[in-house]
Amino acid sequence: MKIIDNFLPKNLLIEIQGRVFSQHFPWYWRNHLVEDTDHYWFNHCFYNNNKVLSPHYEDWIIPILSKLKFEGNLMEARCNMMIKKNKSYTSRLHVDNEEKNGKTAILYLNTCNGGTAFKIKNIQKKY
């Protein structure tokens with residue numbers, strides 16, 4: 001695991017935040033995170049199943065992939081939005097896909113009272 005602070009050029013980060021945090025960005029309802037009884041959330045999928053699904057893919061995702069020096073087959077690129085809660089919530093650990101040798105990158109656009117939990121070598125850590 002590698003954490004890179006200030007990953008994006010400031011102008012690109014401001015552009016993405018300005019659009020994503022506006023009232024004009026299309027978000028799509030998701031019933032639950034992992035289990036039927038946990039929280040709902042929203043997402044915007046930029047790329048999935050070998051298809052570009054968002055007009056922002058070229059301007060936002062391609063520069064991120066380039067900066068990551070990504071090579072290979074992209075499986076999915078999406079933006080997730082969790083609803084503000086008074087109390088922090090962590091879903092059950094899960095795997096988004098079972099691709100052998102697959103890698104995941106997470107870009108946080110803001111801070112919150114949540115985080116992301118990972119299990120690495122049987123040790124769970126929250127970031």
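Predicted model: local features only at pLDDT ≥ 70, side-chain atom pairs only at ≥ 80, totals over all residues.
Local features need pLDDT of at least 70 and side-chain atom pairs count only at pLDDT 80 or more, while totals for chains, interfaces and linings use all residues. Residues are numbered from 1 along each chain as its sequence is written, and side-chain values use heavy atoms, with hydrogens and water left out.

Helices (H or I, at least four residues) and strands (E, at least two) are DSSP runs, numbered from the N terminus. Two strands count as paired if DSSP finds at least two bridges between them. Strand 2 (41-48) pairs with strand 1 in the antiparallel sense over three bridges. Here tryptophan 29 has phenylalanine 42 of strand 2 as its bridge partner. Six bridges link strand 2 to strand 4 (residues 76-81), again antiparallel. Asparagine 48 stands opposite glutamate 76 of strand 4. Strand 3 (residues 51-52) is also antiparallel to strand 2, with two bridges. Tyrosine 47 is bridged to valine 52 in strand 3. Two residues separate the strands of this hairpin, and asparagine 49 takes a positive phi near 50°.

Burial was assigned from relative accessible area (buried, under 20%; exposed, over 50%; partly exposed, in between; 1.4 Å probe, protein chains only). Seven of the eight residues of strand 2 are buried, so this strand is largely enclosed by the rest of the structure. Histidine 39 lies in the loop between strand 1 (28-30) and strand 2. At a relative accessible area of 24%, histidine 39 is partly exposed. Its C-alpha is 17 Å from that of cysteine 79, at a sequence separation of 40 residues.

The structure contains zero disulfides (pairs of cysteine sulfur atoms within 2.5 Å). For cysteine 45, the nearest cysteine sulfur is that of cysteine 79, 10 Å away. Cysteine 79 is likewise in no disulfide. Cysteine 45 is buried, at 15% relative accessible area. Cysteine 79 is buried too, at 11%.

One salt bridge was found (a side-chain nitrogen of Lys or Arg within 4 Å of a carboxyl oxygen of Asp or Glu). Glutamate 76 and arginine 78 form it, with their closest N and O atoms 3.1 Å apart. Glutamate 76 is partly exposed at 33% relative accessible area. Arginine 78 is partly exposed at 30%.

Helix 2 (residues 57-67) buries Tyr57, Trp60, Ile61, Ile64 and Leu65. Seen down the helix axis, these buried residues fall within an arc of 115° (taken over the directions from the axis to the C-beta atoms), so they line one face of helix 2. The face turned away from the buried side carries the exposed residues Glu58 and Ser66.

Strand 5 (residues 117-120) runs antiparallel to strand 6, and four bridges join them. Lysine 119 has glutamine 124 of strand 6 as its bridge partner. The two strands form a hairpin with two residues between them, and lysine 121 in the turn has a positive phi of about 50°. Tyrosine 127 is placed in the segment after strand 6 (123-126). Tyrosine 127 is partly exposed, at 37% relative accessibility. Met1, Ile3, Ile120 and Tyr127 make a nonpolar surface patch of about 410 Å². Patches are made of residues with over 30% relative accessible area and no salt bridge, with like charges joined within 9 Å and nonpolar side chains (Val, Leu, Ile, Met, Phe, Trp, Tyr) within 5 Å. Accessible areas come from the Shrake-Rupley method with a 1.4 Å probe, and for residues only the protein chains shown count as cover.
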